[in-house]
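Q: Please take a close look at a single part of this model. I would like one connected account of that part and its surroundings.

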Amino acid sequence: MKFSILTLFPEIIETYASASIMGRARQKGVIEVQAVNIRDFSTDAHRKVDDSPFGGGSGMVLTCQPLESAYESLLPLKQPARVFMTTPTGRRFDHHFALELTQAQEIVIFCGHYEGFDERIKQLIPEMEEVSIGDYVLTGGELPALSMMDAITRLIPGAVQKFTSVQADSFYDGLLDYPHYTRPAEYKGLKVPDVLLSGNHAAIEQWRKAQALERTQRLRPDLLK
Ligand code: 6GU
């Protein structure tokens, strides 16, 4: 899987994607991450990438030319490919969306900034899809791009050492995760549930399933519908 991130802040992408599980997945060749600086593609003498909105109003809008040129530099994309722009008005990114995207060979993400993109970028790049990570507004698309990359990467077999832990995590089976405990068995009078110390694997499995179900019912009843 190749991720190509078009951004005004490539160092943010590069730093996060070099650490921890994403960094290791890159070293192993499970994913490839390319951060492309949109500004490098501006034909403007001052490398300008934005301008004030027609019709007036606050903020700046990313202009078409650097975005289109940066995209063209990536072509041809590995197929099947998906192309996204980050915007709070986009399709909501969630676990099922992440699973769907593991089928792509290349994912391109345009990180929005300021008031967003010139609307015509969607006509210039018809394969463009709009994506949002939640109902709040961020100042830029780097956190959404990194959130998407991180969530997708851990679903690719080989990225996380134990894929069974991914399958056991929240949302994989439609339920929230069960509670976890580690040593010591008692800390400041707080005890680990006896069943986890019993060595009875069937009983542990049953307890975990019941806990996951109870938590989901209590905290996220919407997931059970
Ligand atoms: Cl994808 N972009 C921005 N700027 N804000 C957001 C978002 C995306 N998703 C939620 N808020």
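Which strands does helix α6 (residues 142-153) lie across, and at about what angle does helix α6 run to β1?

A: This is a predicted model, in which local features need pLDDT of at least 70, side-chain atom pairs count only at pLDDT 80 or more, and totals for chains, interfaces and linings use all residues. Residues are numbered from 1 along each chain as its sequence is written, and side-chain values use heavy atoms, with hydrogens and water left out.

Helix α6 lies across β1, β2, β5 (81-92), β6 and β7, and runs at about 175° to β1. Helices (H or I, at least four residues) and strands (E, at least two) are DSSP runs, numbered from the N terminus. Axes are lines fitted to C-alpha atoms, for helices over the stretch in contact, and angles run from 0 to 180 degrees between N-to-C directions. Contact means heavy atoms within 4.5 Å.

The sheet is open and has 5 strands, in the order β2-β1-β6-β5-β7, with parallel pairing. Because β2 (32-37) and β7 (128-132) stand at the edges with a single partner strand each, one side of each is left without a neighbour in the sheet. From one strand to the next, the twist averages 30°. Two strands pair if DSSP finds at least two bridges between them. For β1 (residues 2-7) and β6 (residues 106-110), the parallel pairing extends over 5 bridges. Ile5 stands opposite Ile109 in β6. Helix α1 (residues 10-17) lies across β1 and β2, at about 165° to β2.

The largest nonpolar core has 31 residues, of which Phe3, Ile31, Phe93, Ile107, Met148 and Ile152 touch the most other members. Such a core is a set of buried Ala, Val, Leu, Ile, Met, Phe, Trp, Tyr and Cys residues joined through side-chain atoms within 4.5 Å. At least two residues of this core come from each of β1, α1, α2 (20-28), α4 (95-101), β6 and α6. The most come from α6, which gives 5 residues. Another core, of 19 residues, lies apart from it and includes Val49, Leu67, Met85 and Ile121.

Ala151 is found in helix α6. Its relative accessible area is 22%, so Ala151 is partly exposed; buried means under 20%, exposed over 50%, and partly exposed in between (1.4 Å probe, protein chains only). Leaving aside neighbours within four places in sequence, Ala151 is in contact with Phe93 and Ala98. Phe93, with residues up to four places away in sequence not counted, touches Ala98, Leu101, Val131, Ser132, Ile133, Ser147, Met148, Ala151 and Ile152.
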